[in-house]
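Have the sequence and the 3D view open as you read.

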Amino acid sequence: MGRVFLVDLEGRAYRCRYCDAPLALAEDVISRSFNCRRGRAYLFSNVVNISLGPQEERMMMSGLHTVEEIFCCCCGQILGWKYVMAHDKNERYKEGKFVLERWRIADDVAEEFNLDARPGSSDAENP
């Protein structure tokens with residue numbers, strides 16, 4: 001087997017929960033309101049460090065779609081799917097987009113600080 005070279009991401013990113021490989025930037029999230037069989041999922045415009053499975057027709061809540069499974073290129077875990085083709089014209093915006101199941105990914109950034117809420121700021125001192 002050959003050596004795996006990963007694309008490194010600069011900025012707030014989502015990573016594989018199993019091996020910590022970077023997958024997508026937070027700025028590439030299109031929607032956080034997707035659902036999958038096991039819970040929440042995010043729709044992304046771009047994802048890296050993945051491999052794709054064969055195309056298959058899948059009936060989803062939004063209709064029939066041609067999809068490819070997404071696998072982590074490091075550990076091989078399934079992460080979600082890529083929309084190849086939507087059979088309903090109202091769903092075509094999904095074509096070429098990626099869905100990552102929320103329970104299979106991790107956000108690599110802890111709480112972001114709200115500088116306006118720090119003690120001593122002018123907002124905190126006003127009654």
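## The pocket

Strand S3 (29-36), strand S5 (50-60) and strand S7 (78-86) each contribute at least two residues to the lining of the largest pocket. Helices (H or I, at least four residues) and strands (E, at least two) are DSSP runs, numbered from the N terminus. S3 gives the largest share of that lining, five residues. In total, 15 residues line the largest pocket, and Asn35, Cys36, Met60, Met61 and Trp81 lie nearest its centre. Sorted by class, the lining has seven nonpolar, four polar and four charged residues. Here Ala, Val, Leu, Ile, Met, Phe, Trp, Tyr, Cys and Pro count as nonpolar, Asp, Glu, Lys and Arg as charged, and the others, Gly among them, as polar.

How much space lies in the largest pocket? About 310 Å³. A pocket is found on a 1 Å grid over the protein atoms alone, as an open set of points where a 1.4 Å probe fits, with protein on both sides within 12 Å along at least five of seven lines; lining residues have an atom within 4 Å of a point. Grid points are joined across faces, edges and corners, and the volume is the space filled by probe spheres set on the points.

## About the model

This is a predicted model, in which local features need pLDDT of at least 70 and side-chain atom pairs count only at pLDDT 80 or more, while totals for chains, interfaces and linings use all residues. Residues are numbered from 1 along each chain as its sequence is written, and side-chain values use heavy atoms, with hydrogens and water left out.

## The chain as a whole

The chain has one helix and nine strands. Read from the N terminus, the order of elements is β-β-β-β-β-β-β-β-β-α. Of its 127 residues, 38% count as buried, where buried means under 20% relative accessible area, exposed over 50%, and partly exposed in between (1.4 Å probe, protein chains only). Among contacts (heavy atoms within 4.5 Å) between residues at least 6 apart in sequence, 42% join residues at least 24 apart.

In soluble globular proteins, nonpolar side chains tend to be buried together. The largest nonpolar core here has 16 residues, and Tyr14, Leu23, Phe44, Val47, Leu79 and Leu100 have the most contacts inside it. Strand S1 (13-16), strand S2 (22-25), strand S4 (39-44), strand S6 (63-72) and S8 each supply at least two residues of this core. A second, separate core has nine residues, including Phe34, Val67, Tyr83 and Val99. A nonpolar core is a set of buried Ala, Val, Leu, Ile, Met, Phe, Trp, Tyr and Cys residues joined through side-chain atoms within 4.5 Å.

Phe44 sits in strand S4 and is buried, because its relative accessible area is 0%. Leaving aside neighbours within four places in sequence, its contacts include Tyr14, Ala24, Val29, Phe98 and Leu100. Val47 lies in the loop between S4 and S5, and its relative accessible area of 7% is why Val47 counts as buried. Not counting residues up to four places away in sequence, Val47 touches Leu23, Ala24, Phe98 and Leu100.

## A buried lysine and a serine pair

Is Lys94 buried or exposed? Lys94 counts as buried, because its relative accessibility is 4%. This lysine lies in the loop between S7 and strand S8 (98-101). Its side chain is joined to that of Glu91 by a polar contact of 2.6 Å. Beyond its neighbours within four places in sequence, Lys94 is in contact with Phe34, Ser62, His65 and Tyr83.

Ser31, in strand S3, counts as buried at 15% relative accessibility. The side chains of Ser31 and Ser33 make a polar contact (2.9 Å). A polar contact is a pair of N or O atoms within 3.5 Å; within protein, one must be able to donate a hydrogen and the other to accept it, and residues adjacent in sequence count only if both atoms are side-chain atoms.

## Positive phi angles

Most residues other than glycine have a negative phi. Asp20, in the loop between S1 and S2, has a positive phi of about 70° although it is not a glycine. Asp20 counts as partly exposed, at 48% relative accessibility. Asn49, in the loop between S4 and S5, has a positive phi near 60°. Asn49 is buried, with a relative accessible area of 7%.
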